[in-house]
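Please open the structure in your viewer and keep the selection panel at hand.

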Amino acid sequence: MSTGVAETDTQAKNAAINSGVTVSSLENTLKEKLGAEHVDIEDMSGGCGQAFNAMIVSQQFEKKNTLARHRLVNSALKAEIAAIHAWTPKCFTPEEWQKKQDEVER
């Protein structure tokens with residue numbers, strides 16, 4: 001009985017191909033649709049393209065709360081999100097991102 005979870009590397013690669021969602025396709029869409037200055041996406045599903053964490057930096061997040069930012073991202077990735085199991089975005093303005101980087105460097 002199939003659980004829907006890839007059990008081998010080959011199954012994971014096939015699932016990623018079938019979903020059409022890759023780290024690079026997500027990055028490209030976010031840069032194109034949101035003018036994202038920085039996008040860092042991690043495939044948390046072991047390569048099968050079904051669960052992603054994302055760090056997104058865009059000026060379009062200015063003066064928006066977390067929910068509004070997530071809605072903006074989810075709208076930009078509507079088709080992609082429909083094809084995957086889990087999506088976790090963290091959204092920052094360029095100023096917030098710079099402040100976060102400055103804190104890390106201390």
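Two strands are said to pair if DSSP finds at least two bridges between them. Helices (H or I, at least four residues) and strands (E, at least two) are DSSP runs, numbered from the N terminus.

The model is predicted: local features need pLDDT of at least 70, side-chain atom pairs count only at pLDDT 80 or more, and totals for chains, interfaces and linings use all residues. Residues are numbered from 1 along each chain as its sequence is written, and side-chain values use heavy atoms, with hydrogens and water left out.

**The sheet.** Select β1, β2 and β3, which form an open sheet of three strands in the order β1-β2-β3, with mixed pairing. At the edges lie β1 (38-43) and β3 (86-92), each pairing on one side only.

Now select β2 (residues 51-57): seven bridges join β2 to β3 in the parallel sense. Select Met55 next; its bridge partner in β3 is Lys90.

**The helices.** Show helix α5 (residues 94-105), which packs on the sheet and touches β1, β2 and β3. The directions of α5 and β3 make an angle of about 90° (axes are lines fitted to C-alpha atoms, for helices over the stretch in contact, and angles run from 0 to 180 degrees between N-to-C directions).

Then select helix α3 (residues 66-76), lying across β2 and β3 and running at about 125° to β3.

**A single residue.** Finally, select Glu80, found in helix α4 (residues 78-82). Leaving aside neighbours within four places in sequence, Glu80 is in contact (heavy atoms within 4.5 Å) with Val21, Leu26 and Thr29.
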